[in-house]
Amino acid sequence: MAPTARYQSEAFSLDFAETIVPALSQTKTYITGGFKTVGAMARALDTVDGVGLTRPVCQEPRLCADILAGKVRGAIKQRLDDDDFGLTNVAAGTQIRMVGRDQEPIDLSQVGMEEAFRKDMGDWTSRMAHDTGMYSFGYVDVERIRPNPYVVVY
C-alpha cells in the first residue's frame, strides 16, 4: 500500500531507513524527522524499532504519556512553518529552556503566543547580531507573555 502524502511528509527519512534496515541485523534502528500523528509513528514501527519526537515533545512534554494513555492522536500543530528548520529549532530550544526554568513551554499553536515569540525572537536576534564579543548564547527569553508554572497547561 502506498503511503499517504501526510505520512510521507511526516516520515521524510523512512525511505532511507527502509533501504538500510534489512542489512542491520545486530542493532536497533530509530528514525526521527517530522512525526506528528500516531498513525505515522505506528506505521514507521513496521520498519524501525522507535521514532524520535524531539520538537513535538519540546512543545508538549507530556506527549508520549498522552499518546500511550490514548488521550491524543498526534502532536499539537504549531503555527510555525515545519519546513523552516532554523525557526523550529529556535522555537524548540526556547520551549525546552522554559521547561528547564520550571515553566510551561510557550504554546505556538496560539496566535498571540506565536506573535509574542516572534517579537521576542526578533529582539534576541538583534542582540545576538550586535554581540561582537560573542558573550550571548542560548535561546529566546520569552518576555511578552507571562509563562505559566510547569504543570499548569495554558
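**Figure 1. Eight salt bridges are found in this structure.** Welcome to this predicted model. Side chains of opposite charge can pair when their charged atoms come close. The close-ups below visit several of these pairs, then turn to a helix.

**Figure 2. Arg-62 and Glu-104 form a salt bridge.** Here the closest N and O atoms lie 2.4 Å apart. The two partners come from distant parts of the chain, 42 residues apart. Look for Arg-62 in the loop between helix 4 (54-59) and helix 5 (63-68), and for Glu-104 in the loop between helix 6 (85-100) and helix 7 (111-129). Is Glu-104 buried or exposed? Glu-104 has a relative accessible area of 4%, so this residue is buried. Arg-62, with 27%, is partly exposed.

**Figure 3. Asp-141 pairs with Arg-101 in a salt bridge.** The closest N and O atoms of this pair are 2.7 Å apart. Once again, distant parts of the chain are linked: Asp-141 sits in the segment after helix 7, while Arg-101 belongs to the loop between helix 6 and helix 7. Asp-141 is partly exposed at 24% relative accessibility, and Arg-101 is partly exposed at 44%.

**Figure 4. A salt bridge joins the side chains of Arg-144 and Asp-123.** From N to O, the distance is 2.9 Å. Where in the chain are Arg-144 and Asp-123? You will find Arg-144 in the segment after helix 7 and Asp-123 in helix 7 itself, 21 residues apart. Relative accessibility is 41% for Arg-144, which counts as partly exposed. Asp-123 counts as partly exposed too, at 34%.

**Figure 5. Helix 6 is a run of 16 residues.** From its first C-alpha to its last, helix 6 reaches 22 Å, close to the 22 Å expected at 1.5 Å a residue. Which residues of helix 6 are buried? They are Leu-87, Thr-88, Val-90, Ala-91, Ala-92, Gly-93, Thr-94, Gln-95 and Met-98. Helix 4 and helix 7 are among the elements that cover these buried residues.

**Figure 6. Asp-102 follows helix 6.** Take a moment to look at the backbone here: the phi of Asp-102 is positive, near 65°.

Key: Residues are numbered from 1 along each chain as its sequence is written. This is a predicted model: local features need pLDDT of at least 70, side-chain atom pairs count only at pLDDT 80 or more; totals for chains, interfaces and linings use all residues. Side-chain values use heavy atoms; hydrogens and water are left out. A salt bridge is a side-chain nitrogen of Lys or Arg within 4 Å of a carboxyl oxygen of Asp or Glu. Helices (H or I, at least four residues) and strands (E, at least two) are DSSP runs, numbered from the N terminus. Buried means under 20% relative accessible area, exposed over 50%, partly exposed in between (1.4 Å probe, protein chains only). The expected span of a helix is 1.5 Å times one less than its number of residues. Contact means heavy atoms within 4.5 Å.
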